[in-house]
Amino acid sequence: VIITMATAGPIAAISALAEQAANRVCADCVSAPPCAVSVNVGGAFVCGACAVAHRQAGYRTRSIERDRWQESETAELQGNSVLAETLETRMPPFYRRPMPDDPAVIRMQFVLAKYKRGEFANPARQAAYHRSGGGFVKSGRLMKRLTVPSVAAASVLHSGSGGSSSGGKFSQRLFELSERDNYLRYHSDDTSDSTVRASLPLDQLNVAMVGALIEMAHPHLMMISYPSGEYTRCLYVYHEDGEEIVAWYNAIRGCQYYRLRMSLVPPERLLQLSYEPRLADWLYKTGPRLSEPWRRRWCLLLRRSLLYYSASMQPLAKGELWLGEAPAYQVLTGPPTGLRRKSVGNHVFTVRTPERDYAFSTDSADCCRRWVAAIADLLAVPPTPQDFLYC
């Protein structure tokens, strides 16, 4: 028996819709099973996290199973397939959908872009991050975290030290982006006639939204990382407007995408455009002799590197551990052989490399398990040619 909206009762109708293949996965993140329907947008079947974003955007959501449905409501539901054909017909291939652990600003701006602003159905509304045919340029002002003076920064870079922070201060800077000329650059202040402080090649940049990972950070914080000599350098920026910072995030991804297309890389072989940190947390680390004091370090697992800092949001790490492939590289629960100093935390794990063992300590068994699992998953996958840019 085919159940239609005209003949089915509301319970049978919503159940029939929920069983359709397109409605078995979230309309927005397409990575989690739906538990609710966003009613005002035409009946998008969404997961719990995306449902929160819909409600915050002003849309009404109803639980698929727990709420009582009326025939007048179910009759107007279109479902994910119809909505995608209407609202995602011109969605740029580089625009990133939200993922399960994304900060709220990524998910919220995707929902607003898709349903409220209609950006993915009308390229004219994508001017902040996309230009059809390539050649995209963008300029604007972002709040940039201040770093050590340039002379000190140069000595830090060559010494491999982490350097000092600047008290977490941010100042407005003019940023410029050019797909054709392959740069993201920023000025010494917020005017175009000021000195260009740095010009970074787009081909080597990684962008990630990290506001949710860092204590007391701005929720719209974006980390831009790139290789600088033998080290990875990071700069941190934010914008008060969530729409604007996500536009910058996707604009950088878009420039990278079209530069890859211009290099004649087939679309199905395009490399990953950006990498989100797998984990970020405060851990304890001891030195190579395994007898030094344990130091509290801000640790970040990004791409194939474990970077550790004396404080968060520093431009250069105290150290950077590149992770190759098993079995040459291993992660083990427990301390390395020869550890002669009791750990600060009660839970130790070891990262074994061909050169030495690295010992890390955590405050909880759960934290230790997360780090061991994440590193083990990474080591199980061979590095790509792109990964070696950061080793």
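This is a predicted model: local features need pLDDT of at least 70, side-chain atom pairs count only at pLDDT 80 or more; totals for chains, interfaces and linings use all residues.
**Helix and sheet**

Three strands form an open sheet in the order β2-β1-β3, and their pairing is antiparallel. I noted that β2 (44-46) and β3 (61-63) stand at the edges. Each of these two has a single partner strand, so one side of each is left without a neighbour in the sheet. From one strand to the next, the twist averages 30 degrees. I recalled that strands of a sheet pair through backbone hydrogen bonds, either parallel or antiparallel.

I examined one pairing in detail. β1 and β3 pair in the antiparallel sense over three bridges. Ala36 stands opposite Ser63 in β3.

**Backbone angles**

I next looked up positive phi values in residues other than glycine. Val30 has a phi near 45 degrees. I placed Val30 in the loop between α1 (10-19) and β1 (36-38). Val30 is partly exposed, with a relative accessible area of 44%.

Met313 has a positive phi of about 60 degrees, although it is not a glycine. I found Met313 in the loop between β13 (305-309) and β14. Is Met313 buried or exposed? Its relative accessible area is 13%, which is under 20%, so I recorded Met313 as buried.

**A cis peptide bond**

Lastly, I checked the bond that joins Ala326 and Pro327. It is a cis peptide bond, with omega at about 5 degrees. Pro327 belongs to the loop between β14 (319-322) and β15 (330-333).

Notes: Residues are numbered from 1 along each chain as its sequence is written. Side-chain values use heavy atoms; hydrogens and water are left out. Helices (H or I, at least four residues) and strands (E, at least two) are DSSP runs, numbered from the N terminus. Buried means under 20% relative accessible area, exposed over 50%, partly exposed in between (1.4 Å probe, protein chains only). Two strands pair if DSSP finds at least two bridges between them. Axes are lines fitted to C-alpha atoms, for helices over the stretch in contact, and angles run from 0 to 180 degrees between N-to-C directions.
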